[in-house]
Amino acid sequence: MPRATSDTVLRTDPESKSNAEVGATVDFIVSSGMVTLPDLTDQPLADASSVLTSASLQLTPVPVPDESCKAEPGSPVFYQSLAPGDVPQRSEVQLHYCSGK
């Protein structure tokens with residue numbers, strides 16, 4: 001899987017496709033190649049996936065259903081494959097949730 005290298009521009013301020021006056025300052029938000037992954041356990045699967053795909057993280061969620069435990073509303077995440085903390089940008093993060101009857 002491709003990973004962001006350091007010095008890759010993640011976004012700008014003002015945002016791309018917005019108007020700026022000639023000579024205005026544009027800030028570039030540059031990647032170090034690492035992002036800080038939060039603890040996503042107990043969050044609904046959809047919310048956890050949204051956090052991972054946000055512009056500031058750019059991680060790839062991989063939902064992993066577990067039929068050995070009873071499904072719950074919102075499919076809360078009970079385990080994530082990477083521990084919270086600094087991880088390489090664009091990493092895959094498996095999100096385990098209960099899907100059984």
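In which sense do strand S4 and strand S7 pair, and over how many bridges? Strand S4 (residues 60-70) and strand S7 (residues 92-100) pair in the parallel sense, over 8 bridges. The model is predicted: local features need pLDDT of at least 70, side-chain atom pairs count only at pLDDT 80 or more, and totals for chains, interfaces and linings use all residues. Residues are numbered from 1 along each chain as its sequence is written, and side-chain values use heavy atoms, leaving out hydrogens and water.

**View 1. The whole protein.** The protein has 1 helix and 7 strands. Helices (H or I, at least four residues) and strands (E, at least two) are DSSP runs, numbered from the N terminus. Along the sequence the pattern reads β-β-β-α-β-β-β-β. The radius of gyration, taken over C-alpha atoms, is 17 Å.

**View 2. S7 between S4 and S5.** Two strands pair if DSSP finds at least two bridges between them. Three strands form an open sheet in the order S4-S7-S5, with mixed pairing. S4 and S5 are the edge strands, and each pairs on one side only. From one strand to the next, the twist averages 30°. Axes are lines fitted to C-alpha atoms, for helices over the stretch in contact, and angles run from 0 to 180 degrees between N-to-C directions. Strand S5 (residues 77-80) pairs with S7 in the antiparallel sense over 3 bridges.

**View 3. Residues facing S7.** His96 in S7 stands opposite Val64. His96 is also the bridge partner of Tyr79. Pro63 stands opposite Leu95 in S7.

**View 4. Helix H1 on the sheet.** H1 (residues 45-53) lies across S4, S5 and S7. The helix runs at about 175° to S7.

**View 5. Around Leu40.** Contact means heavy atoms within 4.5 Å. Leaving aside neighbours within four places in sequence, Leu40 is in contact with Ala48, Val51, Leu52, Val77, Gln80 and Leu95.

Technical notes
Rg over C-alpha atoms; globule rule 2.2 N^0.38 Å.
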